[in-house]
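Thank you for making time this morning.

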Amino acid sequence: MKIIWYGHACFWVETNGVRLLIDPYPEVDDDRIGEVDYILITHEHVDHYGKVELLSRLRDATVIGPKPVYMTAISDGVTKVREIEDGQTIELENGVKVTAFYMEHPSSQYPLGYLIEGDKALFHTGDTYSTPILQRLRGRVDVLLVPISGRSTANEREAAQIVEDVRPRLVIPMHYGIYGTGSPEKLRDELQKKRIWTLVRPLELYEEFTL
């Protein structure tokens with residue numbers, strides 16, 4: 001599995017030859033984004049949906065998201081779009097599948113997180129606070145992408161609780177540095193307080209990480 005962070009909650013993921021882009025925000029440098037087969041949108045807020053119309057057209061990618069995203073994409077003229085809802089699994093190709101989980105983000109109409117399963121299992125929480133729902137993922141996740149900014153989503157302390165609930169092999173912090181602050185070091189400190197030794201691996205912008 002290859003992972004590239006484009007800032008905020010935007011990641012490019014390749015697994016089993018399938019290329020996915022998650023939550024492209026308005027200012028993302030789309031010239032640096034390579035080929036994309038699917039664009040996953042966790043919820044309708046502009047800092048996650050921002051460049052869907054442009055990138056779906058330029059990359060000829062299929063957009064997948066909850067109903068508010070589906071309706072917005074249709075109104076924006078996106079022709080390749082699929083709706084997904086809590087608990088639903090969509091089979092993509094090459095054995096890759098995406099399962100949606102309802103998250104705790106009260107300002108959204110229908111916030112989701114996505115479990116992407118291919119050669120490894122990655123979970124992108126979208127925007128969420130700590131929620132018992134995440135305990136359902138314990139033992140199923142290799143890589144957890146978790147927000148730490150505390151701006152309408154989990155801060156470092158709450159992110160540590162999410163990590164405790166999920167128990168992934170690796171944590172990549174997100175949702176900081178573009179629209180707000182957050183400290184991967186503080187996340188590590190919060191995990192140490194809980195005596196959880198999961199590896200925290202912050203990414204630099206545009207860094208490619210292979211697991």
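When I speak of a nonpolar core, I mean a set of buried Ala, Val, Leu, Ile, Met, Phe, Trp, Tyr and Cys residues joined through side-chain atoms within 4.5 Å, where buried means under 20% relative accessible area, exposed means over 50%, and partly exposed lies in between, with a 1.4 Å probe and protein chains only. Please keep in mind that this is a predicted model, in which local features need pLDDT of at least 70 and side-chain atom pairs count only at pLDDT 80 or more, while totals for chains, interfaces and linings use all residues. Residues are numbered from 1 along each chain as its sequence is written, and side-chain values use heavy atoms, with hydrogens and water left out.

The largest nonpolar core holds 52 residues, and those with the most contacts inside it are I3, F11, L92 and F123. Its largest share, five residues, comes from α4; helices here are DSSP runs of H or I with at least four residues, strands are runs of E with at least two, and both are numbered from the N terminus. Apart from this core lies another, of 20 residues, among them I4, Y6, L21 and V78.

If we take contact to mean heavy atoms within 4.5 Å, then L92, leaving aside its neighbours within four places in sequence, is in contact with V18, L20, Y38, I64, K97 and V98.

Now to I172, which sits in strand β12, residues 170-174.

β7 runs antiparallel to β8 (residues 97-102), joined by three bridges, and T89 stands opposite T99 in β8.

Finally, the loops: D60, between α2 (52-58) and β5 (62-65), has a positive phi of about 50 degrees although it is not a glycine. S152, between β11 (143-147) and α4 (156-166), likewise has a positive phi, of about 60 degrees, without being a glycine, and S152 counts as partly exposed because its relative accessibility is 40%.

Technical notes: Pairing = 2+ DSSP bridges.
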